[in-house]
Amino acid sequence: MREETIQITRERHVADPVRYAESQSADASADFFLSRDSVRLPASFADIFEYPGDDWPQRVAALSAALSGTSCRYDSFERFCLKIGSMSLIELQELYAQSFDLNPNCALEIGYHLFGEDYKRGAFLANLREAESAFELGQERQLPDYLPVLLRLLVYLEDDELRGSLAGYCLIPGLRKVAAALKEHNPFAQLVSALLSTLEEVIANRLPRAAA
């Protein structure tokens, strides 16, 4: 049996789904240990990346409050708010669908950006589905690698290294591809940039293993 085939067997990765993505990374050399408290800010972006609904103003206000007073860069979020300020809900929903649902290069399914349609993504999804089954993350309506689901999962994971790998080896590489594909004038490009900057700052300020 080829080594690659062995690596994606669920028996090996069933308790550690994100390590599968890490094992596929070309530069999986750094250890990322993140405490639960350190990821609460990036996790607060989860709701605003869901399809816009009647509660959209509340979502924007909640994220604005979460970002206020933090050291993370949120000028991109402020620019996003300015750009969408005059849009109706229907216009916002259309923009969301055009940006993320109709353009595979900007899809919010992070596993797609890591593995494409390769069979490796199937193993990744299967392991994520099992890891997420104990929690209510919104995954019943979406694929297990949907961005808001993964952001919420960050807070629920017990393993600091696994949490770091999810952020460092899955979310950040996937979001970089989404950011590169979104057109600059698209307001959601600013929102993706705000989340990406927040995650990168969390990784940059990660604790050493002994203190995590």
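Author: The largest nonpolar core has 56 residues, and F49 and F100 have the most contacts inside it. Helix α12 (residues 187–204) gives the most to this core, with 10 residues. This is a predicted model, where local features need pLDDT of at least 70, side-chain atom pairs count only at pLDDT 80 or more, and totals for chains, interfaces and linings use all residues. Residues are numbered from 1 along each chain as its sequence is written, and side-chain values use heavy atoms, without hydrogens and water.

Reader: What makes a set of residues a nonpolar core?
Author: Its members are buried Ala, Val, Leu, Ile, Met, Phe, Trp, Tyr and Cys residues joined through side-chain atoms within 4.5 Å. Buried means under 20% relative accessible area (exposed is over 50%, partly exposed in between; 1.4 Å probe, protein chains only).

Reader: Which residues does F100 touch, leaving out those up to four places away in sequence?
Author: F100 touches F49, C106, A107, L108, V178, L182, F188 and V192, where contact means heavy atoms within 4.5 Å.

Reader: Why are α5 and α6 called roughly antiparallel?
Author: Their axes cross at roughly 155°. Angles over 145 degrees count as roughly antiparallel (under 35 roughly parallel, 65 to 115 roughly perpendicular, the rest oblique), and therefore α5 and α6 are roughly antiparallel.

Terms used: Helix = DSSP H or I, 4+ residues; strand = E, 2+ residues; numbered from the N terminus. Axes fitted to C-alpha atoms, helices over the stretch in contact; angles between N-to-C directions.
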